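Colleague: I am new to this one. Can you show me how to read its features?

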Amino acid sequence: MTTVQAAGKSPEDVEAPKLLSIIVEFTGGLEMLFSDQRRHSLSIPAANKQGKPPTIADLIEHLCNHTMKDTRKELFVLDHHLRPGILVLINDADWELEGEEAYEIQADDNILFVSTLHGG
């Protein structure tokens, strides 16, 4: 007997988790951390661990845990925040105008991460 059956529900009665479809892009060298792929079509949970709409902070955590294949996460995050020197555009607008990490992600958002750090 499954947990669903034990709860008195058939598998058809259980709703699948709701997902948001978004596009995430990486440029300026960040794509090397994400399998050398610049554009990613992602489906992320429509609610975070607190049951609220997902934010850019939640997306960054999701990217590190599920999308990034490179082990050098410190090139993308520092102390659980996006590393300084990485610009973020949300639907072509600077994330500073949108609330930075607190921005609540909407379906079909396009989020672009651009590294401005270059070796010399």
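Colleague: Is Arg38 buried, exposed or partly exposed?

Modeller: Start with the scale. Buried means under 20% relative accessible area, exposed means over 50%, and partly exposed lies in between (1.4 Å probe, protein chains only). Arg38 has 46% relative accessibility, so Arg38 counts as partly exposed. Keep in mind that this is a predicted model: local features need pLDDT of at least 70, side-chain atom pairs count only at pLDDT 80 or more, and totals for chains, interfaces and linings use all residues. Residues are numbered from 1 along each chain as its sequence is written, and side-chain values use heavy atoms, with hydrogens and water left out.

Colleague: With which residue does Arg38 form a salt bridge?

Modeller: First the rule. A salt bridge is a side-chain nitrogen of Lys or Arg within 4 Å of a carboxyl oxygen of Asp or Glu. Arg38 pairs with Glu25, and their closest N and O atoms are 3.6 Å apart. This pair links distant parts of the chain: Glu25 is in strand S1 (residues 19-27), while Arg38 is in the loop between S1 and strand S2 (39-45), 13 residues apart. Helices (H or I, at least four residues) and strands (E, at least two) are DSSP runs, numbered from the N terminus.

Colleague: Is Glu25 buried or exposed?

Modeller: Glu25 is buried, because its relative accessible area is 13%. Glu25 also meets the side chain of Arg39 in a salt bridge (4.0 Å, N to O). Here too distant parts of the chain are linked: Glu25 in strand S1 and Arg39 in strand S2 are 14 residues apart. Arg39 is partly exposed, at 45% relative accessibility.

Colleague: How many salt bridges are there in the whole structure?

Modeller: A search finds four. One of them joins Arg72 and Asp70, with the closest N and O atoms 2.9 Å apart. Arg72 is partly exposed at 34%, whereas Asp70 is buried at 17%. Elsewhere, shared partners join Glu25, Arg38 and Arg39 into one network.

Colleague: Now the helices. Which residues of H2 are buried?

Modeller: The general idea comes first. An α-helix has 3.6 residues a turn, so residues three or four places apart point the same way. In H2, the buried residues are Ile56, Leu59, Ile60, His62, Leu63, Cys64 and Thr67.

Colleague: What covers the buried residues of H2?

Modeller: Read cover through contacts, meaning heavy atoms within 4.5 Å. The cover includes S1, S2, strand S3 (77-78), strand S4 (81-82), strand S5 (86-90) and strand S7 (110-115). Take Thr67, in helix H2 (residues 56-67). Thr67 counts as buried because its relative accessibility is 9%. Leaving out residues up to four places away in sequence, Thr67 touches Phe34, His40, Leu42 and His62.

Colleague: Which residues gather in a patch of negative charge on the surface?

Modeller: Patches take residues with over 30% relative accessible area and no salt bridge; like charges are joined within 9 Å. Asp94, Glu96, Glu98 and Glu100 form this one. Asp94 sits in strand S6 (residues 93-94) and is partly exposed at 32%.

Colleague: And the whole fold: how many helices and strands does the protein have?

Modeller: Two helices and seven strands. From the N terminus on, they run α-β-β-α-β-β-β-β-β. Of the 120 residues, 34% count as buried. Among contacts with a separation of 6 or more, 58% come from residues 24 or more positions apart.

Notes:
Patches are made of residues with over 30% relative accessible area and no salt bridge: like charges are joined within 9 Å, nonpolar side chains (Val, Leu, Ile, Met, Phe, Trp, Tyr) within 5 Å. Accessible areas come from the Shrake-Rupley method with a 1.4 Å probe; for residues, only the protein chains shown count as cover. Lys and Arg count as positive and Asp and Glu as negative; His and the chain ends are not counted. The place of a charge is taken as NZ of Lys, CZ of Arg, CG of Asp or CD of Glu.
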